[in-house]
Amino acid sequence: MFQLILNSFLLGIGLAMDAFSVSIANGIVEPEMKTIRMLMMAGIYAAFQFIMPMLGWILVTTLEEMFTKFSILIPWIALILLLFIGGKMLVEGIKDKKQGNKEGKDAVKEARKLTLGALMVQGIATSIDALSVGFTIADYSLLRAFAASLIIGAVTLVICLLGLIFGKKIGGKFVSTATIIGGVILILIGIEIFIKGIFGL
């Protein structure tokens, strides 16, 4: 049991790094984010980090051949999703910087807030590689796989909250370029996931 907890905890830290980076980006973009929104945001990432290993386990134990073929697409999906969100944020940030008028400041702040849909896409993009964890826990029973996925989700929740807190502190100092910084971070994470997935680095 101790081995399961330790392995899942370490796995959770490794898997949460992309979500941690995205959380920093989101904190930068929304430096005035309320605690309830932070919990909701971190909760979305944690939920996906719980669901994906569990889904991976189900697919590996039932449809191994099909899942092996699908796993090739994982880096591409993450790249496309994060390039889309990051690119959108980048364009909005450049537009806001060009306008830069004081009267539109509140509208800009509101526009920078990520919608629930965008957060869900981020959640999928940063956790989709966790599907592959299905291979590493394939010999687990349903209960053990559920426990491992739960620990991974809990670790992600804590790490993402730390990322949001850190990002908010940075965001308060770079308000004028916050959206641009956030967009660039998301694009870089997408590229990093892709390179890691394709070349196994």
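In which helix is Gly 167 found? In this predicted model, Gly 167 is found in helix H8. The residue is buried, with a relative accessible area of 0%. Its contacts, leaving aside neighbours within four places in sequence, are Ile 24, Gly 27 and Ile 28.

The overall fold is described next. The secondary structure consists of nine helices and zero strands. Along the sequence the pattern reads α-α-α-α-α-α-α-α-α. Of the 201 residues in the protein, 43% are buried. Among contacts with a separation of 6 or more, 92% join residues 24 or more positions apart. The protein exposes about 10500 Å², and carbon and sulfur atoms supply 74% of this area.

In soluble globular proteins, nonpolar side chains tend to be buried together. The largest nonpolar core here has 41 residues. Tyr 45, Tyr 140 and Leu 186 have the most contacts inside it. Six helices, namely H1, H2 (35-62), H4, H6 (116-127), H8 (142-173) and H9, each supply at least two residues of this core. H2 provides the largest share, ten residues. For Tyr 140, the partners beyond four places in sequence are Leu 4, Trp 57, Ala 145 and Ala 148.

Asn 26 is a buried residue in helix H1. The helix covers residues 2-29, and Asn 26 has a relative accessible area of 0%. Its contacts, not counting residues up to four places away, are Met 33, Met 41, Tyr 45, Leu 114, Leu 119, Gln 122 and Leu 164. Tyr 45, one of these partners, is also among the residues with the most contacts inside the largest nonpolar core. Two others, Leu 119 and Gln 122, are buried residues of H6.

Helix H6 has twelve residues. From its first C-alpha to its last it reaches 16 Å, close to the 16 Å expected at 1.5 Å a residue. Its buried residues are Ala 118, Leu 119, Gln 122, Gly 123, Ala 125, Thr 126 and Ser 127. An α-helix has 3.6 residues a turn, so residues three or four places apart point the same way. Ser 127 is placed in H6 and has a relative accessibility of 0%. Because this value is under the 20% cut-off, Ser 127 counts as buried. Ser 127 touches Phe 48, Gln 49 and Met 52, not counting residues up to four places away in sequence.

Charged pairs were then searched for. Side chains of opposite charge can pair when their charged atoms come close. A search of the whole structure finds one salt bridge. Glu 30 forms a salt bridge with Arg 37, with the closest N and O atoms 2.7 Å apart. Are the two partners buried or exposed? Glu 30 counts as buried at 5% relative accessibility. Arg 37 counts as buried at 16%.

The surface carries a nonpolar patch. Its members are Trp 76, Ile 80, Leu 83, Val 184, Leu 188, Ile 191, Ile 195, Ile 198 and Phe 199. Together they have about 810 Å² of accessible area. Helix H4 (74-99) and helix H9 (178-199) each supply at least two residues of the patch. H9 gives the most, with six residues. Trp 76 belongs to H4. This residue is partly exposed, with a relative accessible area of 42%.

Ile 94 is also placed in H4. The residue is partly exposed, with a relative accessible area of 39%. The C-alpha atoms of Ile 94 and Thr 179 are separated by 8.2 Å. Along the chain, these two residues are 85 residues apart.

Definitions and conventions: Residues are numbered from 1 along each chain as its sequence is written. This is a predicted model: local features need pLDDT of at least 70, side-chain atom pairs count only at pLDDT 80 or more; totals for chains, interfaces and linings use all residues. Side-chain values use heavy atoms; hydrogens and water are left out. Helices (H or I, at least four residues) and strands (E, at least two) are DSSP runs, numbered from the N terminus. Buried means under 20% relative accessible area, exposed over 50%, partly exposed in between (1.4 Å probe, protein chains only). Contact means heavy atoms within 4.5 Å. Patches are made of residues with over 30% relative accessible area and no salt bridge: like charges are joined within 9 Å, nonpolar side chains (Val, Leu, Ile, Met, Phe, Trp, Tyr) within 5 Å. Accessible areas come from the Shrake-Rupley method with a 1.4 Å probe; for residues, only the protein chains shown count as cover. A salt bridge is a side-chain nitrogen of Lys or Arg within 4 Å of a carboxyl oxygen of Asp or Glu. A nonpolar core is a set of buried Ala, Val, Leu, Ile, Met, Phe, Trp, Tyr and Cys residues joined through side-chain atoms within 4.5 Å. The expected span of a helix is 1.5 Å times one less than its number of residues.
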